[in-house]
Amino acid sequence: MAEPSRDPPSALSADFMSFSPGDTASRWLACADLQQEVYRHLAEYVPRILCQGGGMAEQREEQREELALQLLLLAPLEWLLLGGEPAAGLALLQQGGGAAALCGHVFKVGEPTYSCRECAADPTCVLCMQCFLASAHRHHRYRMTTSGGGGFCDCGDAEAWKTGPSCQNHTPADQNRESEEDPVSLLPPAVEERSSSIFSIILQYAVDLLTWEQEDQLPAGLEPLTPVAVPTARRAEITSKAFSAFRCPVLRLDVCSVIKALMSYRRLQTDFMEDDHDRLVSLFFFCCPNAVSLCPLPTPDPRPQNYERLQSDFVRDDHDRQFSITDLSVQIFTVPSLARMLMVEENLMMTIIRTFVDQLRHRDAQGRFQFDRYTAQQAFKFGRVQSLIGDLKYVLISPPPQWSQQLRTKFLDGFEAFLDLLRCMQGMDPVVRQVGQHIEMEPEWEAAFTLQMKLTHIITMMQEWCSTDVSRSVASVLQGELSPHLLIELPLRCLVLCAQVHAGMWRRNGFSLINQIYYYHNVKCRVEMFDKDLAMLQVGASMMDPNHFLMIVLSRFELFHTFSASDLRRRYREANKDLAQQNTLIEEMLHLIIMVVGERYVPGVGQVEPLDEVRREILHQLCIRPMAHSELVKALPENGNKETGLERVIDSVASFRKPGVTGRGLYELRPEWSKRFDLYFHHYSRADQSKAEEAQRKLRRQNGEDTALPPPRPPPLCPLFASLANLLQCDALLALEGAVLQWAVEPSGGGWTESMLQRVLHLVAMALLEEQQQLDSSGGDEDVSFTFSSRITRPGEAPSTSGSVLALLESLQNAPHLEVHKDMITWILKVVGNIKTTRERTTGCSVGVSHGRRPEETVRDKDKAERKRKAEMARLRREKVMAQMSEMQKHFINENKELFQQSMEDLEAAAAEHSPPSSEPTCAAQICVGPRRVGGAERRQLVTCILCQEEQEVRGHGRAMVLAAFIQRSTVLSKNRSRGVPDPERLDPLFMHPDLSVGVHTASCGHIMHATCWQRYFEAVQQKEQRRQQRLRGHTSYDVESGEFLCPLCECLSNTVIPLLPHACSPDRSVEHPCLETWLKRTNQQAAALDSTHRKQSHGQSPAGGGAISWRSGVQVAAAAQQAEPAGPDRVGFDPQNSFSSGVAEMINTFGMSAYKVGLKVNPNEQDPRVPVLSWSTCAYTMQSIERLLMDEKKPLFGSLPCRQDECLSSLTRFSSACWTTAPIRTVQNHFIRLLSVLVPDSQLEAPCILDVDMFHLLVYSVLSYSSLHGLDQSGRSSVDSGHLHLLQLVTVAHLVQVLLTFTTGELSMDQDGEESEEERLTCQLYGRLRDHLGRCLPDVSCGWRLWRCVRAGVLPFLRTAALFFHYMNSASPPADLLGTGPGQWEALCSYLSLPSNLLLLYQNHRTLLEPLIHRWCCHPGVGQVLHGGGVLVQFPRESNRLIDLPEDYSILINQASSFTCPRSGGDKSRAPTLCLVCGCMLCSQSYCCQTEVEGEDVGACTAHTFTCGAGIGLFLRVRESQVLFVAGKTKGCFYPPPYLDDYGETDPGLKRGNPLHLCSERYQKIERLWRQHGIAEVIGHAQEANQTLVAIDWQHL
Ligand SMILES: [Zn+2]
Ligand SMILES: [Zn+2]
Ligand SMILES: [Zn+2]
Ligand SMILES: [Zn+2]
Ligand SMILES: [Zn+2]
Ligand SMILES: [Zn+2]
Ligand SMILES: [Zn+2]
């Protein structure tokens, strides 16, 4: 009863609930007819499970199907097979069966697979990672790929591996036992019996269903109880699915010895032959190790009619191949013993070929394939048909070790079928030259080429098979007489066609023909196309009279009359053909003759070894230029195993040059091999040829040699082809040569070309080499039949009345218009002379050569003299060029003075590292802070605007000068990436947490402009951008809307400018310097007074303002203050705004706004009191970041920064110290009050505890905001400088306490012996005080040495950054010790900062003041909270962040990625697993499942991650692609070369080559440095600028 409205899920769910697999299995076990029972079960459930759905929720439907299959179909079978609960039964079996001999691991998508290039039987044989690592192949040459899912590890399969079939884990413990005992006997008999019956039933079911013909009913026993119409189209899918579901865990698991036992080959070989076919089908499975885990999937029934049926079903079907049963063929046909058996038993080879031929129905009248009328749908089918060729390839993959008579017969049947196939291809898709009109439509040509390409390896394999046994029988298949004429006809036509196309005679035939000719020569096709045609011509020519052959060639090129006329020139002109076309044809014909005689590197044609051919290919590639391994591989044809043979010969011809940190490894030709260079190498394209010619001539000139490029000595021909050489000296060729040389006597008027002449010279040279070689090998016998040197002395015959070839050559030698060829002609004449001498010496008499009277010696001497002269000339020329260049350089420097000045400064900065600047007296104490500081204010600063080139002095009241800069948020220093993104509106940036989770970094390229010049420039950029956007809606590499631009000089990405400000004034030494106590008291009073004034003023506006001043109320205070008193002089009579001109003030404002906007990610708002804080913040953060870099790179603190960074820090610091002047003074005062409350806790103000504040930030902020108090000091007796020093001292003490509070005893080390130093004693004392306050929160440490060491290390980065800060703020020269990295750094640092080198004295000397403060610090509730684990505890010194550690072997990463599942879609595999290099998080990138919304836009997992992990900047490794990805924000990104290289020094993007990859730590360090220097955004900018296609990528979806 079918209820249409009934919901299918609930129907199935009901079955889930009530079904018991165990009960079903016992029922089956008890019944009489197992097959009937199982069939009934299948008949009921298969249609119910698989014929539902297809509705809206297809995705969910599929999942339910899987579940139902597992429970309703597989589970009972498992129970039955194992006779009980499957898991338990399996364990039992494994105990009894011993170690598994086969791995059979099923690959997940993306899992690494390994194939040994030396031992695998074919490229489909692979190992899983575990097996590979335990196998012998890890030391061989191997290939690594990622699996597409499915497929099995072939470990343990003896047929898959030539050697080392098993890894250590799968090696049978006792090999003898394995080979002698039937593994089946290891199985409990009951299991064996049950499995063989259940497997045969299932297979029968498969065969029944797959071969069922009737559409309206089902096989007997399978009629469904509930009538469900099975759509025929889905039948194959249903079956396939039903059975792919049988990949139950039982069968898959390592494959339990059950199946393995059943699968012994021997069993196959004995049982197989005798049993009936159904048994055969079942056994078929058992014997196939690859199919083990698929078992019992139905087989593509080997019976011919069934194979055909399945395949045609597949071709008609529109499902992917992976759903089709035919996909199994790789598992079956690649087992050689099986394939051979199927060939013998079932004539498999013929079946496949016939099926294939039948599928291609379109034929022309001659029965040839016709692809030109293919529709898109047919083309699709054609694609499917091609998989048949794949099957054929599997079958042929390894030739049989021995032949049986049956195999021989069946192979010949298949071979004949194959010849039929080739017959249908011969002449398919012919082209006809279009004259008059252009073709109307580009004809389809790809299908035919694809077919040919696919068959390439098949043909090779056929040849291999033939060569092992049946070549004679094959000959009988090829019946009929083969005349040489017939043999050369078609190849010659083809080559003439190419020549004519080159000559431009087929222009009207469109691009399809051009493409075809390109592929004809291309490395992918040429083996079976161009190379074979050439070989065929050689075969034909060797069987013919050379003159006859040349006549045929001439006539096919339609050049016969050009050369046969009595008056060559006249007839030539009268030929009335396009001269250029004629010339090209002659060139092409001469080239063809060169190739027919000269190409001898095919074994059998010339006396060469197979590898000589590869070596020659490589050599000629390297003659063009040094090349990377991958380039060479691309230039070589691959065999069926994807091997080129490159590795076996490369080292003999080339030397490897390692790559640096960029670039790739290159192979360079060894010099001795360049003598083998052949200009007319047949695989050179025209472009290759001219590049190689140029490179080789250059090389020879450099070596002081002549530039002749004569042919290399060719290998001798094999006897069968020996007559080819006679082509070189036949009359017809001599006549051709004579004719061309005759033309060349006169300067070309279009009647001849230099390439023509060059080819003729080459041919002459080849002939001479041949003669010399024959003379040499015959020991100078006079009966050498090759007598070219004497033939060329004969004067021209009948039509041409000119002189002999030799005479012509001699007269051409000094022709002024042939200067280029002079060396070559000289070379030829020299060899002629040599040959003559050889002949004379051996025979003692003249051979009748009238020329060459000069003895050999003279020739050689003259040659030497000539070479010397040339070398001298070359030297002179070089000198002249050098002189010219240095002149030009001088000129250039003059013209680009500023540029060079910059780089000179860079150099000086670098030099400063080694020699302290002499201008500063090193004896005087250098102090950078406090009243005793030495300032550099008297120095005038002159800078030049890069835009208008005007020089300008930096002054507060002068024209504003700015520095191009890039400001960005950064998490590079973060010690806590889990901190959430704060709400920008509520964020209070005044207190930086010591975890430094997000900071604002500023960098600059150091290029200076007038503010006005920059503004004009930026406006122009904006306008250009607007125009461009109207034209095309693309992006640029920079975002003008958010203020980005490229530095006009260096194109560095920038988004703001930093104003240049004058140096700080020198300290006023006349004023009094109060001690710490006095100063603090006074400052506290000032703060309190101000605070209460502010409170009173804001009281009206702020009803909640009763309590402490938090940031919120701070805003209100400031706003209130501003409303109350807008602009104008302050009440206390201090007007900081007077110190700057309006232009400078405007620029201060501009940069301040940028820092605010970028730092908080908010819209500009000049009223926000947080504006100055962000300016201070970027100054502090940038300094901290640079200090870390200097520290980790072990560079001195001062003098080692490049000029641009120095410039940047200097202007940034001076800007920060001035920026408060543009903010309302009350805002700044308010900030100071709050900052001070950290150091001097005050019950009125809510301040964070000292463990929650980064002390360097606190120092910078309080020093910079302190100036706002300065004006209040009406007494005039205090200086800002003493305030700065006291602030530094206070913050330093606070930092000491901070370091001690976070001290851990984790590190155990030897206690120091001997006297306790003063520092140690005081540290102990201070620590003791802290313990008094905090009790057991702090560990008990009594060792002062350890405490002091920890404090010293913890406080050092703070002191270094503080030194940098005051150095730039006060322009104070650093002491010499800090310009190096030698000893005494600590002392120098302390003295530069005006601090005692025993820092603890700060505490000791002001105990009465500090003790209460320390008490209050410790009693802050926050401290206890953090120490009890209630917050982030940061320890000092903060360790520098690094990118994550990567494994040395890339496959470990691939393996990690393959087990990574999408975190969102419940265990699905991720398509693009991507590793964050900053935090090591694996992400599911480029996929809808993991898209999230960030700021109102859907973004991919990577982009989303960058917002939390990298504040918008991200570095990732795309594991499957082996690619590094940089992203910045949502719209910008680029790919960067990964730090993994193969042995050839190359990366492998997309893992296409599959060479093993290893970590190159230098490259990884380079990436790390980029990140730590905040250079990622700039790299992206440059990459996008260089490659516009990057701009169009939707980076946010990654
Ligand atoms: Zn394995
Ligand atoms: Zn193994
Ligand atoms: Zn191997
Ligand atoms: Zn300017
Ligand atoms: Zn620049
Ligand atoms: Zn996902
Ligand atoms: Zn991350």
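I'll start with the metal. Four residues coordinate the zinc ion (ligand 5): Cys1005 through SG, His1007 through ND1, and Cys1047 and Cys1050 through SG, at 1.9 to 2.2 Å. Keep in mind that this is a predicted model. The angles among the four donor atoms run from 108 to 112°, and the site is tetrahedral. Along the chain, the donors of this zinc ion are spaced as C-x1-H-x39-C-x2-C. Distant parts of the chain are linked here: His1007 sits in strand β8 (residues 999-1010), while Cys1047 is in the loop between β9 (1045-1046) and β10 (1053-1054), 40 residues apart. Are these two buried or exposed? His1007 is buried, because its relative accessible area is 9%, under the 20% limit. Cys1047 is buried as well, at 2%.

Next, the nonpolar cores. The largest one has 230 residues, and among those with the most contacts inside it are Leu1288, Leu1359, Phe1366 and Leu1393. Helix α49 (residues 1344-1370) gives the most to this core, with 14 residues. Leaving aside residues up to four places away in sequence, Leu1393 touches Cys928, Val929, Leu1285, Leu1288, Leu1359, Ala1362, Ala1363 and Phe1366. Another core, of 117 residues, lies apart from that one and includes Tyr684, Leu728, Leu736 and Leu741.

Last, helix α19, residues 405-425. How far apart are its end C-alpha atoms? They are 30 Å apart, which agrees with the 30 Å that 21 residues should span at 1.5 Å a residue. Its buried residues include Leu407, Phe411, Leu412, Phe415, Phe418 and Leu419. After α19 comes Gly427, with a positive phi near 80°.

Methods
Residues numbered from 1 in each chain as written. Chains lettered and ligands numbered in written order. Predicted model: local features only at pLDDT ≥ 70, side-chain atom pairs only at ≥ 80, totals over all residues. Heavy atoms only, no water. Helix = DSSP H or I, 4+ residues; strand = E, 2+ residues; numbered from the N terminus. Expected span 1.5 Å × (residues − 1). Buried < 20%, exposed > 50% of the residue type's maximum accessible area, 1.4 Å probe, protein only. Donors = N, O, S within 2.8 Å, 3.2 Å for Na, K, Ca; no water. Tetrahedral: all angles 85-135°; square planar, octahedral: opposite > 155°, others 65-115°. Core = buried A, V, L, I, M, F, W, Y, C linked by side-chain atoms within 4.5 Å. Contact = heavy atoms within 4.5 Å.
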